[in-house]
Amino acid sequence: MPTSETGPALPAVPIDRKRQPSGDEARERAMRAAISVIAEKGTAALRMSDIAARAGMSTGHILYHFGKKDRLLLEVLAWSQADFWTRFQQAADQAASPVEKLDLFVRFYLPSQQGDERYALWTQVLAQRHDDTGRRILTELLDGWDERLEAIIREGRDLGHFADVELPEFTIRAVAMLSGLSEDVMFGRSRWQHASPHAFALAALERELRPAGQG
């Protein structure tokens, strides 16, 4: 469950009650502030007032937009993932081949560094208890990764760049590997101090996808 490139954390800013942000501006400030605070404190210690302080908004303003904390967490995750997919698609549209798209997929999936805010958000939200609506939202978000990877492999297979792998099984293996590597990066495993998890993952996937007869 991926990550990366959320931009610098928002510092706490004074609240100007005469100029509270509204509409899309308010939601974006609140979302970015929530991601930053969750990465620092986790969800158990998260308070709406912390998000408000980071966003330079009143606590009442945050409650107006999101209500309960559980709803906030899901909305923040869904918002951040939509923003993430927009940037991924923009990059993929510029890629010259399915091989380049696969490289992008791996790069976007893995945390950019230990403590990556977006991956920390995923980890915190997945660890919570969710009702049926929450589980449906999370399932759709997780399925988004599988669907995009399958589309890349299908395109490469049709063009003869990739072997004719069994897509569902390959996707399960690939995402499981990337998730394990992501946990290593977030934990700060020493094995990656002098090696690239991105290069490791991409090489493993390309070995399995290499068409028969290609060395």
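**A helix pair and its surroundings**

Author: Start with the whole chain. Take the contacts in the protein between residues at least 6 apart in sequence: 74% of them join residues at least 24 apart. Contact here means heavy atoms within 4.5 Å. The model is predicted, so local features need pLDDT of at least 70, side-chain atom pairs count only at pLDDT 80 or more, and totals for chains, interfaces and linings use all residues. Residues are numbered from 1 along each chain as its sequence is written, and side-chain values use heavy atoms, with hydrogens and water left out.

The protein has nine helices and zero strands. Both kinds of element are DSSP runs, numbered from the N terminus: helices are H or I, at least four residues, and strands are E, at least two. Of the 215 residues, 44% count as buried. Buried means under 20% relative accessible area, exposed over 50%, partly exposed in between, with a 1.4 Å probe and protein chains only.

Now the close look: α4 and α5. Helix α4 covers residues 69-94, and helix α5 covers residues 98-109. Their axes come within 10 Å and cross at roughly 155°. Axes are lines fitted to C-alpha atoms, for helices over the stretch in contact; angles run from 0 to 180 degrees between N-to-C directions. The two helices are therefore roughly antiparallel to each other. That label needs an angle over 145 degrees; under 35 is roughly parallel, 65 to 115 roughly perpendicular, and the rest oblique.

The residues come next. On the α4 side, F84, R87, F88, A91 and A92 make the contact. On the α5 side, K101, L104, F105 and F108 do. By class, that is seven nonpolar, no polar and two charged residues. Ala, Val, Leu, Ile, Met, Phe, Trp, Tyr, Cys and Pro count as nonpolar; Asp, Glu, Lys and Arg as charged; the others, Gly among them, as polar.

Stay on α5. D103 is found in this helix. Leaving aside neighbours within four places in sequence, D103 is in contact with H198 and L202. With H198, the side chains make a polar contact at 3.4 Å. A polar contact is a pair of N or O atoms within 3.5 Å; within protein, one must be able to donate a hydrogen and the other to accept it, and residues adjacent in sequence count only if both atoms are side-chain atoms.

Last, S179 in helix α8, residues 167-187. At 16% relative accessibility, S179 counts as buried. The side chains of S179 and Y109 are joined by a polar contact of 2.7 Å. S179 and L110 are 69 residues apart along the chain, yet their C-alpha atoms are separated by 7.8 Å.
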